[in-house]
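This report describes a two-chain model, starting with the contact between the chains. The sequence and coordinates are shown here.

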Number of protein chains: 2
Amino acid sequence: MEIRFAVFIAVSLDGYIARPDGSIDFLAPFHDEEHGYGAFFAGIDALVIGRGTYDTVLGFPEWPYGKKRVIVCTTRPPPATHGEEMWSGPPRELAERLDREGLRRVYLDGGVLVRGFLREGLVDELTINIIPLILGAGRPLFTSGLPDMSLRLLEAKSFSSGVVQLRYEKR
Amino acid sequence: MEIRFAVFIAVSLDGYIARPDGSIDFLAPFHDEEHGYGAFFAGIDALVIGRGTYDTVLGFPEWPYGKKRVIVCTTRPPPATHGEEMWSGPPRELAERLDREGLRRVYLDGGVLVRGFLREGLVDELTINIIPLILGAGRPLFTSGLPDMSLRLLEAKSFSSGVVQLRYEKR
């Protein structure tokens with residue numbers, strides 16, 4: 001496969017991507033800075049998101065993905081409202097399909113989804129934005145049971161907000 | 001209190017300080033680089049370590065702390081073998097005692113111990129060395145239930161090994 005899957009995600013220092021109820025209010029003070037998300041987003045052919053992320057963004061005042069192709073992984077597909085596609089199969093099958101379609105760079109978002117792709121060895125690149133907070137509780141990015149994975153650090157950058165951005169690729 | 005407590009610790013990207021059995025073999029390939037540990041160690045008045053760390057270092061070919069004062073926090077104190085002191089009380093009481101004794105900078109080591117001090121708001125500085133590995137299982141540095149804590153990033157440094165060192169202080 002020539003397709004590459006990339007994660008771009010914010011986590012607290014203690015590894016949480018959301019509070020226990022799914023809220024990401026703690027990220028708000030850090031949104032004033034751009035952290036390179038725009039350039040990252042411009043460089044992807046499509047997004048694959050999990051059902052939790054999908055339900056969260058449906059609650060946003062505006063669909064945040066513009067005209068970018070979006071595939072929602074969910075076992076109980078709801079009707080699409082913004083041209084998004086629904087997918088209920090395994091990650092590898094989706095990866096192979098998107099590769100055949102000629103996609104070259106795909107953004108993965110959502111804890112469950114990212115872990116599903118990590119379990120299959122399908123994550124090529126990880127950009128982790130470490131928020132200078134210990135949250136104490138929440139939804140973790142990594143959980144026990146993932147396969148071990150050696151990473152190559154591509155870049156580490158810090159921002160005046162105190163966010164540190166780590167970019168890795170699969171070794 | 002004028003005393004400051006500092007953590008200097010290595011964690012995998014998924015937040016583990018040791019494998020499930022306590023082994024830290026995965027750190028070995030990263031020991032060729034110094035990561036500033038020597039300067040950090042030279043700048044501390046004493047170490048406070050937990051029982052797990054103590055039992056681990058007792059298995060080392062050599063006592064790794066030289067003549068530095070070491071206090072072991074344990075509820076079942078064994079006889080000291082290297083001049084180390086045993087402490088069975090709560091973290092705050094120890095902190096106050098060491099402060100009264102005039103200590104100014106103390107190094108905390110061990111997951112359970114660090115979390116005990118975090119729970120009491122007694123950690124002033126955190127140096128986290130992120131190892132470019134996903135381990136998939138092990139003993140976490142942070143566990144659910146810690147109080148939330150806002151941090152100020154003091155420095156982020158990367159090393160040719162791929163280790164990234166993040167230094168924070170309590171805000």
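Strand β10 (residues 149-158) of chain A pairs with β8(B) in the antiparallel sense over 2 bridges. Pairing requires that DSSP finds at least two bridges between the two strands. Strands (E, at least two residues) and helices (H or I, at least four) are DSSP runs, numbered from the N terminus. Within this arrangement, Met149(A) stands opposite Ile134(B) in β8(B).

The model is predicted: local features need pLDDT of at least 70, side-chain atom pairs count only at pLDDT 80 or more, and totals for chains, interfaces and linings use all residues. Residues are numbered from 1 along each chain as its sequence is written, while chains are lettered from A and ligands numbered from 1 in the order in which they are written.

The contact between the chains takes 27 residues from chain A and 27 residues from chain B; two residues are in contact if their C-beta atoms, placed from the backbone, lie within 7 Å. On the chain B side, the following strands each supply at least two residues.

| Strand of chain B | Residues |
|---|---|
| β8 | 133-134 |
| β10 | 149-158 |
| β11 | 164-170 |

The largest share of this side, 7 residues, comes from β10(B). By class, the side of chain B that touches chain A has 17 nonpolar, 7 polar and 3 charged residues. Here Ala, Val, Leu, Ile, Met, Phe, Trp, Tyr, Cys and Pro count as nonpolar, Asp, Glu, Lys and Arg as charged, and the others, Gly among them, as polar. Of the interface residues of chain B, 100% are also interface residues in chain A, so the copies meet through the same surface.

The largest nonpolar core has 89 residues, of which Leu108(A), Val123(A), Leu166(A), Leu108(B), Val123(B) and Leu166(B) touch the most other members. Such a core is a set of buried Ala, Val, Leu, Ile, Met, Phe, Trp, Tyr and Cys residues joined through C-beta atoms within 7 Å. A residue is buried if 20 or more other C-beta atoms lie within 10 Å of its own, exposed if 12 or fewer, and partly exposed in between. Not counting residues up to four places away in sequence, Leu166(B) touches Ile130(A) and Val164(A), as well as Ile128(B), Ile130(B), Leu153(B) and Ala156(B).

Chain A has 4 helices and 11 strands. Its C-alpha trace spans about 40 × 40 × 30 Å along the principal axes. Buried residues make up 39% of the 171 residues in chain A.

In helix α4 (residues 111-119) of chain A, 7 of the 9 residues are buried, so the helix is largely enclosed by the rest of the structure. Among the buried residues of α4(A) are Leu113(A), Arg115(A) and Phe117(A). Just after α4(A), Gly121(A) takes a positive phi of about 65°.

Gly50(A) is found in strand β3 (residues 46-50) of chain A. Gly50(A) is buried, with 21 other C-beta atoms within 10 Å. Leaving aside neighbours within four places in sequence, Gly50(A) is in contact with Cys73(A), Gly110(A), Val112(A) and Leu113(A).
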